[in-house]
Amino acid sequence: MIMSLTGIVLGVALFILALSMTTGFEQLFIKTVLGANGAVRVQDKFQENLVSYQISQQETGNQFEFGRAAGRKYRPGVEHADKVIEGIMEFKNVIAASKVLRGGVEVSNNFKEEPGQLYGIEKDTHLLVSDLEEQIVFGSLLEFQRNPTGVMIGSVLADRMLLEPGESIIISEANEPYRFIVEAIYETGYREIDRERIFVDINQARTVFKRPHETSYVQVSLFDPEKADDDRFMMEAVVQHIVAPWQEREKVWLQFFKALRVISSASLLSIIIIAGLGMYSTLAIIVMEKTREISILRSMGYTRKDVTNIFIWQGFIVTLIGIGFGWLTGAFLTYTISRIPIRIRGIFSTDTFVVDWSFSHYLLAAVIAFFIVMTACILPARRASRLEPADVVRGTSG
Amino acid sequence: MHEGDPSKAVLSCRGVHKYLGDETQQVHVLKGVDINLYRGNTYAIVGPSGCGKSTLLYTLGLLDRQDEGHINIDGIDVTKASDEERTQIRNEKIGFVFQFHFLLPEFTATENLIIPMWKRGNRKALTMERRAHMLLQSVGLGDKTHRLANRLSGGEQQRVAIARALANDPPIVLADEPTGNLDVRNSNIVFDLLYQLSKKNNQAVLIVTHNPDIARRCDFILKMRDGVFTTMDS
């Protein structure tokens, strides 16, 4: 019984730990993505192609026409960005929307030349659709905002080019160089972003790319980012542009986290299953050992159902104790692991294990443990109830 | 056996047949047993091993089901009673004492007595405890009410088993070799208890025994051979 109890405690605790870690890292990834790219991105104008059909009614001779969508035409970039933003801001879930012009450039200084992506942003409103302000690790946001030729570069690019705030860089597009001053270095933790994105004022970017009125996309922040996927179709219908919610943009990584959670949960579930098997064998042995006691209870007037209930209760109490201690152990392990330092950079930035404290993990672990262990109790309990007292008592008579 | 007014018998059976074993090796154990037991009397069933004494006791005690015949307990025809009905009658009408005490070792003497009372559910917790103490007092164990069952001697355990059989004040007590596992002194104590309590509580006590001294001290001796009663002495 102690082994079964230990199995339940360990199974529940590790299950909670696995869920809290995978969910914690997933939440951090989502926060990183939302902080860097916004909840929704409005990009590429589309136009529905309509095909007309003519229908004639034979009886009346009447004819009528109807249109049907027959594909879409796409045009890269956002057309009439101010009107698009106006339309987007009508949605209740939207906090802010900001224009971005993006394009590939070469970045160089005295040491090195690196490829990069120049992101022309509206310096004030972009802070409302991203976590750029929190992501600054060196330099000053204020200087970046004040200086028209100031840039903000990612930490990985800065390391590779040995750049520090206050130094100048040359940004070239079509072999035409432009000098900028590094005013701040940011770190999102998402390596791809930190390696290539260079933020400048959108008007400077338009000058570099010689596209004076262009907007590549509009970055949008939402009060409830979870609803981004639901809002997209309505937004598309209103602004006639492709609307890409973060759930779709990051589908691959989100699927990866989901798979990771399922795999780790499933493997830890095996501990609970083993505990259930342990409980089954323990109760089966108890039934064998207690046949006399079961028989005497039956002779005293206890029904088969009463006997079943005794064993079910025994399993129930052990399961409850196991879940209780499993919760405590799980919480302790989760807290302990969250204090362990670990430096992770790649798709997010963290210096400790990230955990998510959610009661739903505890509830799920309890429900699964309860279901498995109680199912394991049923068979021995039913076997106990089927014992015929006369057979047992007769076997013990002299 | 034991002639009298069958309608006043607390336990009566007519033409009870019982077969044991599977279809290939079936043994006809009880071959048409008739018996009437009346309140306030002690009955001993004696006979050679394998003659069907214990099988009859378990059949009359509704632990086993007869293949043929009628059984009536305290005015209730239990011949075709369901498992649930038979279980309820066992709880209310019958007390068992076996060769082995079959006490639940994890519980105290008092708790062992409360278990059948608790199942019956007609007494409050405090009343059950008081009655358990009273019964333990009556079997001479008033000072060991809170002792665990496995901390009692063999004789004491069997006395607790007798007290437990009387817990729900049943009209019938069935005892299968109740002294079979005890020395002479304890055998006498246990039998005297059964005898005196049956008189005091106006219960019918049926004892299966191999001990001729015990049998002689009962009100009636029922001799059994090959699944039927041969004679009855009083």
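Predicted model: local features only at pLDDT ≥ 70, side-chain atom pairs only at ≥ 80, totals over all residues.
Two strands are taken to pair if DSSP finds at least two bridges between them.

On to strand 4 of chain B, which covers residues 68-73. Strand 1 of chain B, residues 11-20, pairs with strand 4 of chain B through five bridges, again antiparallel. Here Ser12(B) has Asn72(B) as its bridge partner in strand 4 of chain B. Asn72(B) also stands opposite Asp77(B), a residue of strand 5 of chain B. Strand 4 and strand 5 of chain B are joined by two bridges in the antiparallel sense. Put together, the four strands make an open antiparallel sheet in the order 2-1-4-5 in chain B. Its edges are strand 2 (27-37) and strand 5 (76-77) of chain B, each of which pairs on one side only.

Chain A, for its part, is divided into two domains. Domain 1 of chain A comprises 2-32 + 253-393, and domain 2 of chain A comprises 37-47 + 70-248. The contact between them draws eleven residues from domain 1 of chain A and ten residues from domain 2 of chain A. The C-alpha centres of these two domains of chain A are 48 Å apart.

Ser172(A) lies in strand 7 of chain A, residues 168-173. Its relative accessible area is 18%, so Ser172(A) is buried, the cut-off being under 20%. Leaving aside residues up to four places away in sequence, Ser172(A) touches Val105(A), Glu106(A) and Pro177(A).

Ile317(A), by comparison, belongs to helix 12 of chain A, which spans residues 304-338. Ile317(A) counts as partly exposed because its relative accessibility is 43%, a value between the limits of 20% and 50%. Ile317(A) is also part of a nonpolar patch on the surface, together with Trp313(A), Ile321(A), Phe325(A) and Leu328(A). The accessible area of these residues together is about 530 Å².

Conventions
Residues numbered from 1 in each chain as written. Chains lettered and ligands numbered in written order. Heavy atoms only, no water. Patch = residues over 30% accessible without salt bridge, like charges linked within 9 Å, V, L, I, M, F, W, Y side chains within 5 Å. Areas by Shrake-Rupley, 256 points an atom, 1.4 Å probe, with all protein chains shown as cover. Salt bridge = Lys/Arg side-chain N within 4 Å of Asp/Glu carboxyl O. Buried < 20%, exposed > 50% of the residue type's maximum accessible area, 1.4 Å probe, protein only. Domains from an automatic or database assignment. Contact = heavy atoms within 4.5 Å.
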